[in-house]
Amino acid sequence: MSSTWGNRIKLSIFGESHGPAIGVVVDGLPAGLPIDEEALYAHCARRVSKDSTLSTPRKEADHFSILSGVYRERTTGAPLAAVIRNTNVRSADYKDIGLLARPGHADFTAFVKYAGCSDFRGSGHFSGRLTAPLVFAGGVCKQLLEEKGVRLGSHIYAIAGVADTPFDPVSLDDGTLAAVCAKDFAVLDDQKGEQMKAKIRAARDELDSVGGIVECAALHLPAGIGDPMFDGLESAVSSILFGIPAVKGVEFGAGFAAAGLRGSQNNDPFYLAENGAVKTRTNHHGGILGGISTGMPLIVRAAFKPTPSISRKQQTVSLTDSAETEIEVKGRHDPCIVVRAAVCAESALAVALAQYLL
Ligand SMILES: Cc1cc2nc3c(=O)[nH]c(=O)nc-3n(C[C@H](O)[C@H](O)[C@H](O)COP(=O)(O)O)c2cc1C
């Protein structure tokens with residue numbers, strides 16, 4: 001099993017949902033980067049479940065301890081290691097279903113690949129909880145990007161078909177980005193937010209779950225960052241985004257909708273801004289052309305499937321008995337992953353971009 005990503009900045013994420021701790025080792029950070037631990041705590045707190053009717057009732061503060069790589073509030077250049085203790089585990093919920101494959105979850109594939117040896121409690125290493133160390137690493141990388149003037153943010157773009165106001169791909173500003181990230185329920189349009197909440201609660205009451213889309217943006221990324229083909233920005237950003245459990249689609253700029261446009265509609269006309277910088281009037285390209293940044297806002301969206309663990313009765317198979325049976329999933333689950341996933345996607349974007357700015 002390997003949960004390592006990257007080359008210039010390399011993450012190695014370890015741990016299991018119901019083990020003593022989860023954590024991350026970040027290699028490749030430059031020495032001397034100031035680390036603001038308060039800001040890091042605030043960043044990590046955005047992933048924490050705040051309302052048990054919308055997210056998991058499992059209360060974990062995601063408090064991290066930095067074990068190495070930071071001295072006198074600056075990175076040392078050595079590997080940065082951090083752990084997050086699991087303080088609220090309830091493994092008894094997994095006693096009965098241990099050997100029944102939850103539809104939509106990784107129990108079946110993990111059982112086949114690891115010959116029944118993997119820790120299935122709380123989904124083990126396949127749990128959404130493993131995004132806590134990713135969010136920590138993303139928080140560190142966000143501080144690196146901020147040092148270079150780049151600002152990142154995210155919001156809930158849609159849940160169960162209810163859409164928020166999208167980010168303005170041309171004139172999105174730092175203030176809007178910071179304000180939406182500060183919200184417990186990160187939407188630009190609070191009325192739409194209430195409609196989304198109603199959809200989540202209705203699904204939960206019906207022993208079901210819903211999915212949705214997260215939209216992330218990076219502002220002030222200079223033009224000329226990235227590479228063509230396999231080392232392009234899109235390749236790096238999507239590969240780390242797909243590492244987040246439950247991500248089933250990634251699109252940049254106009255994304256899949258661009259496939260239905262004509263070239264004359266999708267092309268973004270260039271012009272010269274007052275300071276002489278080359279800009280585009282529209283931003284269907286999402287800030288990337290040929291794998292390289294254009295200097296326009298980088299816009300990326302990640303689609304999350306509905307949470308697989310639902311309490312409704314479903315058909316399945318007992319992996320040990322090779323027999324068909326039924327399952328009603330117990331345990332504490334997010335009726336919608338998207339609420340807590342915006343900061344996960346934003347953190348993934350931060351890690352991917354940071355390695356280009358070293
Ligand atoms: C923040 C977050 C929270 C999650 N919470 C749950 C959960 O409560 N229950 C669940 O079944 N899946 C949850 N997931 C999704 C599963 O971990 C994921 O669907 C599973 O590992 C299978 O991976 P795949 O969907 O990428 O194929 C969560 C994912 C994330 C990112």
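In this predicted model, serine 123 counts as buried, because 26 C-beta neighbours lie inside 10 Å and the threshold for burial is 20 or more. The residue is placed in the loop between α2 and α3, and serine 123 has a positive phi of about 80° although it is not a glycine. A positive phi is also found at arginine 72, again not a glycine, where the angle is about 50°. Arginine 72 is situated in the loop between β5 (70-71) and β6 (74-75), and this residue counts as exposed because it has 7 C-beta neighbours inside 10 Å, the limit for exposure being 12 or fewer.

The crossing in which α3 passes α8 is left-handed. On the side of α3, the contact involves Thr131, Leu134, Val135, Ala137, Gly138, Gly139, Cys141, Lys142, Leu144 and Leu145, which meet Val343, Cys344, Glu346, Ser347, Ala348, Ala350, Val351, Leu353 and Ala354 in α8. When the residues of this contact are divided by class, 13 are nonpolar, four are polar and two are charged.

Helix α8 (residues 338-354) also meets helix α6 (residues 233-241), and the axes of these two helices come within 9 Å and cross at roughly 140°. That angle makes α6 oblique to α8, since the class of roughly antiparallel is kept for angles over 145 degrees. The crossing of α6 and α8 is right-handed. From α6 the contact draws on Ala236, Val237, Ile240 and Leu241, while α8 supplies Ala345, Ala348, Leu349, Val351 and Ala352. By class, the contact of α6 with α8 contains nine nonpolar residues, with no polar and no charged ones.

In soluble globular proteins, nonpolar side chains tend to be buried together. The largest nonpolar core of the model has 84 residues, of which Ile156, Val214, Ala345, Ala348, Leu349 and Val351 touch the most other members. Helix α8 gives the most to this core, with 14 residues. The surroundings of valine 214 can be described individually: when neighbours within four places in sequence are left aside, valine 214 is in contact with Ser154, Ile156, Tyr157, Arg301, Ala302, Phe304, Val338, Ala341, Ala342 and Ala345.

Residues up to four places away in sequence not being counted, leucine 100 touches Thr316, Ser318, Thr325 and Ile327. Leucine 100 and isoleucine 327 are 227 residues apart along the chain, yet their C-alpha atoms are separated by 7.3 Å.

Note on methods. Residues are numbered from 1 along each chain as its sequence is written. This is a predicted model: local features need pLDDT of at least 70, side-chain atom pairs count only at pLDDT 80 or more; totals for chains, interfaces and linings use all residues. Axes are lines fitted to C-alpha atoms, for helices over the stretch in contact, and angles run from 0 to 180 degrees between N-to-C directions. Helices (H or I, at least four residues) and strands (E, at least two) are DSSP runs, numbered from the N terminus. Angles under 35 degrees count as roughly parallel, over 145 as roughly antiparallel, 65 to 115 as roughly perpendicular and the rest as oblique. A crossing is left-handed if the near helix is turned anticlockwise from the far one by less than a right angle, and right-handed if clockwise. Two residues are in contact if their C-beta atoms, placed from the backbone, lie within 7 Å. Ala, Val, Leu, Ile, Met, Phe, Trp, Tyr, Cys and Pro count as nonpolar, Asp, Glu, Lys and Arg as charged, and the others, Gly among them, as polar. A nonpolar core is a set of buried Ala, Val, Leu, Ile, Met, Phe, Trp, Tyr and Cys residues joined through C-beta atoms within 7 Å.
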